[in-house]
Amino acid sequence: MSSSAHTPLPMSADASALRRIPPIQCLLTFEALARLRSVTLTAEELCVTPSAVSHRVKQLEQILGTRLFGRADFSLTTDGSAYLAHVREGLGALQRFPGAVSAPGKRRLKLAVTPTFARSVLIPRLRQFTEAYPEIDLALQVSIPLLDVVAEDADLVVRFGPGHYADMEHVELARDIVTPLASPAFVREHGPFERPEDLEGIPLLRSPLEPWRSWFDVCGLDWPAPTEGSQFNDIGLMCDAASAGMGVALVRLKLGRPWLDQGTLVRLFDNIVAPSPHAHYLCWKTGTMDRWECSAFADWLRKTLA
């Protein structure tokens, strides 16, 4: 055999470029760690050991020649933040099958959410998500509680109800307690309210979302559920009505927080609460969580409400 057979072939520019592409497992680990900020959670999600997570990140940093994480809390460096956007864009492209229609640029996520949950719980926290995921554009639309009516097909849906959703996969987001609220002026006019029995003969605002029966049971009252008076299918509207002095509303404390903080509503009984029979659930069709933007939002929402 001639000596030329042992001479290594010169590497082409294309081959050199291919060698610089990091292994996919390193990229997946980097994206998960940047999102979860926990080696343990990342290891659980990827079904590997924590040491494997650390090894993959170190390998990726060595390939790139730069640090991706700056602190023990896994906050990203400037280079890490910039590279994360490229990684997510690339992973998103790999998840799209041939023939699928896709728009360039940001990933769009359509979320249907109940009105008062959006106003009281989601919107005050949403900037945290948009800052963490600037490459995702959120499109919010209104869904009607209990009826599950949305304006158009949504990727993710926040439902409020008993949690029996055979048509979609779902996870519970938050439970809460309910207690009567009224405006300060209403309390001055109709109070004082010292015992639950003091509500006898008082206008009680009604909603199928928060039946009075649950609170009556906790108080040991055998009163029937009110069948007369103003009724609302949105807790926010009921809070506005109570703020206007129309009566007493039974409200979840998390949803009623804006009105309580503003002083337009006050609690009638500080220590008398009841568990709500309903809860908020995040729902999606099978396969939705294969899209990283949907999975990222679901993980973020569950953690921020924990």
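This is a predicted model: local features need pLDDT of at least 70, side-chain atom pairs count only at pLDDT 80 or more; totals for chains, interfaces and linings use all residues.
**The chain as a whole**

I looked up the secondary structure of the protein chain, which comes to 11 helices and 10 strands; helices (H or I, at least four residues) and strands (E, at least two) are DSSP runs, numbered from the N terminus. Buried residues make up 44% of the 306 residues in the chain, with buried meaning under 20% relative accessible area, exposed over 50%, and partly exposed in between (1.4 Å probe, protein chains only). Of the contacts in the chain with a separation of 6 or more, 73% are between residues 24 or more positions apart.

**Helix pairs**

Two packed helices are described by the angle between their axes and the distance between the axes. I returned to H2 and H4, which pack at an angle of about 110° with their axes 9 Å apart; axes are lines fitted to C-alpha atoms, for helices over the stretch in contact, and angles run from 0 to 180 degrees between N-to-C directions. That makes H2 roughly perpendicular to H4, since angles under 35 degrees count as roughly parallel, over 145 as roughly antiparallel, 65 to 115 as roughly perpendicular and the rest as oblique.

Next I turned to helix H6 (residues 115–132) and helix H11 (residues 292–305), whose axes come within 11 Å and cross at roughly 115°. That makes H6 roughly perpendicular to H11. Their crossing is right-handed; a crossing is left-handed if the near helix is turned anticlockwise from the far one by less than a right angle, and right-handed if clockwise. I listed Phe117, Val121, Leu122, Arg125, Leu126, Gln128 and Phe129 in H6 as meeting Ala296, Phe297, Trp300, Leu301, Thr304 and Leu305 in H11. This contact of H6 with H11 holds 10 nonpolar residues, two polar and one charged.

I then checked H6 against helix H10 (residues 253–262), and the two pack at an angle of about 65° with their axes 8 Å apart. H6 and H10 are therefore roughly perpendicular to each other, and H6 passes H10 in a left-handed crossing. The residues that make the contact are Thr116, Phe117, Arg119, Ser120 and Val121 of H6 and Lys254, Leu255, Pro258 and Trp259 of H10.

**Strand E4**

Is strand E4 (residues 156–161) buried or exposed? I found six of its six residues buried, so E4 is largely enclosed by the rest of the structure. In a regular strand the side chains alternate between the two faces of the sheet. Both faces of E4 are covered, with Leu156, Val158 and Phe160 buried on one side and Val157, Arg159 and Gly161 buried on the other.

I looked up the partners as well: strand E1 (residues 107–113) and E4 pair in the parallel sense over two bridges, where two strands pair if DSSP finds at least two bridges between them. Leu111 has Leu156 in E4 as its bridge partner. E4 and strand E10 (residues 279–284) pair in the antiparallel sense over five bridges, and Arg159 stands opposite Tyr281 in E10.

**Loop residues**

Leu221 has its place in the loop between helix H8 (212–219) and helix H9 (235–243), and at 7% relative accessibility Leu221 counts as buried. Leaving aside its neighbours within four places in sequence, I found Leu221 in contact with Pro196, Glu197, Arg213 and Phe216.

Arg37, in the loop between helix H2 (24–36) and helix H3 (39–46), has a positive phi of about 55° although it is not a glycine. My last entry is the peptide bond from Gly191 to Pro192, which is cis, with omega near 0°.

How values were computed: Residues are numbered from 1 along each chain as its sequence is written. Side-chain values use heavy atoms; hydrogens and water are left out. Contact means heavy atoms within 4.5 Å. Ala, Val, Leu, Ile, Met, Phe, Trp, Tyr, Cys and Pro count as nonpolar, Asp, Glu, Lys and Arg as charged, and the others, Gly among them, as polar.
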